[in-house]
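Subject: Structure handover

Hello,

Here is the structure for you to look at. My notes on it follow below.

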Amino acid sequence: MTNDMALLQEQFRANPYAYFDQFRDNPIETVDFLGFRTNVATGYKEVEAILKDPRFIREWRKVAPSEQVIEPPKRVQPVVYLMTNMMLFRDAPDHTRLRSLVNKAFTPRMVERLRPQIEETADDLIERMKQNNEHELIRDFSYYLPVVVIAELIGVPREDREYFRKWADAFVRFIDFDADYERMEMVADDIRDSAEYFRSLIQKRRVDPREDLISGLIQVEEAGDSLNEDEMVATCLLLMIAGHETTVNLITNGFYLLMKHPEQLALLKADPSLVPNAVEETLRYEPPVLFTSRIASDDMEMFGKELKKSQEVMVLLGAANRDPRVFNDSNTFDITRKNIKHLSFASGPHFCLGAPLARLEGQIALEKLVTRLQNPTLLQEPEWRDNIIFRGFKTLHINAGVI
Ligand code: HEM
């Protein structure tokens, strides 16, 4: 990475929202975005419209001129293939088919059934924090809660969970905005290992089924041809990674924001019924996924902007959430804000499948932390992780008594 690029990224991490603000003059602008020439959409209305418009797709290879489609290096190819089996990177009809197979496990009703288990896990983790007044909140709490829950749901044995920290990190590096082939090659082996892990777990469940999502997917596969083994592997991995890289940051970012805004923390302590709203405001103000992208499937005009077939638009969720035309005092963190319709879970066909689970986990986590940690203070100002798309801290060191 050049020095200029490193400097840009540092500026971006310090305040991505101020960075996005430079691009608010037009609904869709062609700009230098973190060192790359591309199109960006910042406004709430525009971001939502693009995400809902079927003319915007994810499968670039389907519409790109053949001379632009270059085969990736050999080591990277299996990972690219793995990703083509993930619903997140597919369009209808395959997207619809893959999503509908797991959708049932993530409806608000199904997720609500996990409440007792999530509460118990949160209580256990907080109980362990009693041993000490100094805590690294991610290591001691925010990381484990979503990871334990998603692993249990998929059917990953307890003793294997540790592998995923490295694998999820490798995946996020692979798909990050500035990933080049050199970086992709560096992490490709880890991602391949994670896929092999699921392939062998699927083999075990074929002979010894349990009450878990893997066994459910195997039943679907064996009942017909709607899902093959590669798609099963990709689906499990996508869910596991989503469970690792997002909700952890929702919980940590939320508690950090409350500590930085003691008047908001006091409001929440006095009235815990504000917890769901505090979670929504955290999602709006500091979204774990800052942006995504879409491809124009054809030549078109959108909000007065001419786009050519296969051109990309960066869809800036974090900017839409702070659109001053939609949110009053959009740069103010206010847990009593009414009707918070953020776009942090995106919109349209790819709307986050795990949103009900993430919300429930976020609510339980914040409620427990706020009621059981006494006089929390920051031991040091935390550092943001090196990623661009995913927004979360490396560590969060705090001091707090535990009741
Ligand atoms: C606060 C936590 C979370 C945030 C902010 C978040 C955010 C997002 C966003 C923005 C997308 C859409 C990306 C795009 O359209 O390009 C998405 C998709 C997705 N999320 Fe989440 N997510 C969270 C938690 C979870 C959890 C816990 C799971 C699963 C257990 C999950 C599973 C998924 C899946 C499977 C998709 C792909 C859906 C599709 O392509 O149809 N997410 N998420």
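One cut-off before the findings: buried means under 20% relative accessible area, exposed means over 50%, and partly exposed covers what lies in between. Also keep in mind that this is a predicted model.

**Overall picture**

The protein has 19 helices and 10 strands. Its C-alpha trace spans about 60 × 60 × 40 Å along the principal axes. The radius of gyration is 21 Å. A compact globule with 403 residues would come out near 22 Å, so the value agrees with that expectation. Of the 403 residues, 55% count as buried.

**The ligand site**

The ligand is surrounded by 29 residues. The closest are His-95, Thr-292, Arg-294, His-350 and Cys-352. By class, the shell holds 19 nonpolar, 7 polar and 3 charged residues.

Which elements supply at least two residues each of that shell? They are α6 (94–103), α14 (229–245), α15 (247–260), β5 (292–296) and α19 (355–372). The most comes from α14, with 3 residues.

The ligand carries an iron atom, and Cys-352 is its only protein donor. The donor atom is SG, at 2.3 Å. Cys-352 sits in the loop between α18 (317–320) and α19.

- His-350: an N or O atom of the side chain is 2.6 Å from a ligand oxygen.
- Arg-58: a polar side-chain atom is 2.8 Å from a ligand oxygen.
- Leu-88: here a polar backbone atom takes part, at 3.5 Å from a ligand oxygen.

**Backbone points to check**

Pro-93 lies in the loop between α5 (77–84) and α6.

Two residues other than glycine have positive phi. For Leu-34, phi is near 50°. Leu-34 is in the loop between β1 (28–33) and β2 (36–41). Is Leu-34 buried or exposed? Leu-34 is buried, with a relative accessible area of 1%.

For Ala-346, phi is near 65°. Ala-346 belongs to the loop between α18 and α19, and Cys-352 is placed in the loop between those helices too. Ala-346 has 13% relative accessibility, so it counts as buried.

**Salt bridges**

How many salt bridges does a search of the whole structure find? It finds 40. Three of them follow in detail.

Start with Lys-52 and Glu-48. Their side chains meet in a salt bridge, with N to O at 3.4 Å. The two are 4 residues apart in helix α3 (residues 44–52), so about one helical turn separates them. Glu-48 is at 25% relative accessibility, which lies between the 20% and 50% limits, so Glu-48 counts as partly exposed.

Next, Lys-368 and Asp-123. Their closest N and O atoms are 3.2 Å apart. Lys-368 lies in helix α19 and Asp-123 in helix α8 (residues 115–129), so this pair ties together parts that are 245 residues apart in sequence. The two partners fall in separate accessibility classes: Lys-368 counts as buried at 11%, whereas Asp-123 counts as partly exposed at 27%. Recall that α19 also supplies at least two residues of the shell around the ligand.

Then Lys-130 and Glu-127. Their side chains meet in a salt bridge at 3.0 Å, N to O. Lys-130 is partly exposed at 43% relative accessibility. Glu-127 is partly exposed as well, at 39%.

**Where to look**

For the iron, go to Cys-352 (SG). For the ligand oxygens, go to Arg-58, Leu-88 and His-350.

Best regards

Definitions and conventions: Residues numbered from 1 in each chain as written. Predicted model: local features only at pLDDT ≥ 70, side-chain atom pairs only at ≥ 80, totals over all residues. Heavy atoms only, no water. Near = heavy atom within 4 Å. Polar contact = N/O pair within 3.5 Å; in protein donor to acceptor, adjacent residues only side chain to side chain. Nonpolar A, V, L, I, M, F, W, Y, C, P; charged D, E, K, R; others polar. Donors = N, O, S within 2.8 Å, 3.2 Å for Na, K, Ca; no water. Buried < 20%, exposed > 50% of the residue type's maximum accessible area, 1.4 Å probe, protein only. Salt bridge = Lys/Arg side-chain N within 4 Å of Asp/Glu carboxyl O. Rg over C-alpha atoms; globule rule 2.2 N^0.38 Å.
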